[in-house]
Amino acid sequence: MSEERDVDVVVLGSGAAGLAGALRAALLGHEVVVLEKSDVWGGSAAMSAGAVWVPNNTKMGEVGIADSDEDAWAYLEAVTEGKVPAEQRRAFLDGANRMIGTFESETGVRFEPVGEYPDYDTDRPGAKPGGRPLEPLPFDGNLLGEDFATLHPCYPGELIFDRFMMRLAEARALLQPGLKPKLGLLRGLWHYALRSRSRKLLHGRDPYLTLGQALMARLRAALNARGVPLHLNTAVRRLLTDDGRVIGVELASGERIRARAGVLLATGGFERNDEMRQRYQHHPVDAGWTVGHVGNTGDGLTLAEQAGAGLDTEMMHHCWWSPAVLPPGEPTAWVLVIEKSLPYGVFVDRDGRRFVNEASNYNNIGKAMYEAQAKTGKAVPAWMIFDSRYRSKFPIGPVKPGMLQSDRKVPERLRPGNGWLHKADTLAALATEIGIPAANLAESIERFNGFARKGRDLDFGRGSTLNDLHYSDPRVTPNPSLGPIEKAPFYAVEVVPGDLGTKAGLRTDTGGRVLDAGGAPITGLYAAGNVTSSVMGGAYPGAGGTLAPAMTFAFLAVEAMSTDVGTARPRSSHG
Ligand SMILES: Cc1cc2nc3c(=O)[nH]c(=O)nc-3n(C[C@H](O)[C@H](O)[C@H](O)COP(=O)(O)OP(=O)(O)OC[C@H]3O[C@@H](n4cnc5c(N)ncnc54)[C@H](O)[C@@H]3O)c2cc1C
């Protein structure tokens, strides 16, 4: 890049918000540049499952589910519990559909509705049994050329047999009995084998992309087709201002890029900044518990504060929570999105007591862990206890089901007895090993087993909603979410409130304009995604509930830039 240059839009961050904003800018004819601090692009979004939650979307009919604006509004109102201004929610509901429609009609970014993926709070008014999550269509990484090598790899839990990706429904089917899932697995293996030549050329990287990899690859391909540059290893030192207006950025190298229309902060959350987490969040907390992108250290918050933005301190303790485990030697924590809900397992605190409906949505469990911690001081960390039937059928973090990977075949660092995965012949011995009261654990498990046999969890209602049953085992009766914990040996693993990222910081208006401490927009400065306080408040409404607002408000922010400075002009040369 030259020492000093002008563009219309400068985007900081190459995740969901960054690339969606850049694409909207390109479609509006703006000259746009994307600056990414790290040496890979895609942010947490490239690790994500890629679901984008769009209520009342035009594709729901394809999966036979009816929705309406009234239902969408009622649900969003219920889950956000009066904490989010109505105009923000309205902007999201209208903008999300327009964002998807625009990208689909004008670019190669494509989605399909996921029919069997219920909203996460299925007991709230306006909830739907599926169809709101949109899944990106698979993409061939070869089409990205050299840029494929610098796409952030997927989250390790998304690789089947540590090798290849599948689509959402295919991966979920692997938990189900019968021939169909096994055939799906064989088909996946067969196609993987057929791609061996491609992998050789790509240094072992499999080009069949689904989930968040497909989403980000499709966005990047659309940007490439329009000649939008994306610079890696490019850190911004400060925002350039002139009389209170943000006019561009100064890079760490000293180079300056002026932004005629605006600067979009899409730098993700502050999940990897331990100092900020200790300052703003409930304790105990640790930046090592997140699975968010390593580059998400809250830079956008600091930059915006320097330009006069106020932080939404009341929201800062919120995250997109998920219970997680910390397997030694792994590059990341592992979230228990699926494991927590499967039969033959429960969560207990360090007093041996249950404290939550383990099958409720992962965000609620993070919140419940901190609520229980505030009451008892014993729920962070907590324990997941499970029996040999769980161990045999289901995974736990990076450890595969026992039928595929017996305890002896588990890598030594993760093997029972080596400090992470605990195992004992009796529940009493397990309790002693992990240092919790044996009598309490025995009582909790006995009570849970009674509920499991009757099919009703009278304490926490586990297994009573469609969401609870999404990851369950239909072979288990009378309730597929509730399997008694009774077959030795017994296992335990420590559970922390992990997260997919933080979700609060900059306050923005319906056009993504960053607001100052007094609530007035800072001219020229826009933000979207996890650097902002979420339109979802403390909720996680359904699969895709974070990507959808990140992309929508980035889209709206760039449109707002156009109206704010009137710089939109067609540039047909960019295709
Ligand atoms: C394993 C996993 C699964 C998930 N599944 C889903 C899902 O299915 N659906 C869903 O809705 N959400 C999901 N999420 C959450 C979702 O990925 C994030 O909420 C979303 O990516 C946030 O978008 P963003 O653009 O704000 O941040 P990100 O996508 O994280 O992008 C931020 C980017 O900004 C860069 N950056 C930071 N500082 C700077 C700087 N100073 N200058 C330039 N660049 C900078 C970072 O390096 C990063 O590349 C998942 C997350 C994970 C980790």
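Hi everyone, and thanks for having me. Before we start, please keep in mind that this is a predicted model.

Let's begin with charge. Side chains of opposite charge can pair when their charged atoms come close. How many salt bridges does the count come to here? The count comes to 41. I'll walk you through a few of them.

Find D147 and R220 on your screens. These two form a salt bridge, and their closest N and O atoms are 3.4 Å apart. Where do the two partners sit? D147 is in the loop between strand 6 and helix 4, while R220 belongs to helix 7, so the pair links distant parts of the chain, 73 residues apart. Is R220 buried or exposed? R220 is buried, because its relative accessible area is 6%, and buried means under 20%.

Next, please look at R195 and D206. Here the closest N and O atoms of the salt bridge are 2.7 Å apart. R195 lies in the loop between helix 5 and helix 6, and D206 lies in the loop between helix 6 and strand 7; the partners are 11 residues apart. Both ends are under that cut-off of 20%: R195 is buried at 15% relative accessible area, and D206 counts as buried at 10%.

Now for a pair within one helix. R279 forms a salt bridge with E275, with 2.9 Å between the closest N and O atoms. Both residues are in helix 8, and because they are 4 residues apart, about one helical turn separates them. E275 counts as partly exposed, with a relative accessibility of 47%. Salt bridges can also share partners, and in this way R237, R238, E250 and R256 are joined into one network.

Keep R256 in mind, since it brings us to strand 11, which covers residues 256-265. Why do we call this strand largely enclosed by the rest of the structure? Because 7 of its 10 residues are buried.

So which strands pair with strand 11? One of its partners is strand 1, residues 4-12, which runs parallel to strand 11 and is joined to it by 8 bridges.

Strand 10, residues 245-251, runs antiparallel to strand 11, with 3 bridges between them.

Last stop: the ligand. Which residues are closest to it? Of the 34 residues that surround the ligand, the closest are E36, N296, N530, T546 and L547. The shell divides into 13 nonpolar, 18 polar and 3 charged residues.

Let's look at some contacts. A polar backbone atom of S44 is 2.9 Å from an oxygen atom of the ligand, and a polar backbone atom of A51 is 3.1 Å from a ligand nitrogen. N296 uses its side chain: one of its polar atoms lies 2.9 Å from an oxygen atom of the ligand. How much of the ligand does the protein bury? Taken alone, the ligand exposes 1,000 Å², and the protein buries 97% of that.

Notes. Residues numbered from 1 in each chain as written. Predicted model: local features only at pLDDT ≥ 70, side-chain atom pairs only at ≥ 80, totals over all residues. Heavy atoms only, no water. Salt bridge = Lys/Arg side-chain N within 4 Å of Asp/Glu carboxyl O. Helix = DSSP H or I, 4+ residues; strand = E, 2+ residues; numbered from the N terminus. Buried < 20%, exposed > 50% of the residue type's maximum accessible area, 1.4 Å probe, protein only. Pairing = 2+ DSSP bridges. Near = heavy atom within 4 Å. Polar contact = N/O pair within 3.5 Å; in protein donor to acceptor, adjacent residues only side chain to side chain. Areas by Shrake-Rupley, 256 points an atom, 1.4 Å probe, with all protein chains shown as cover. Nonpolar A, V, L, I, M, F, W, Y, C, P; charged D, E, K, R; others polar.
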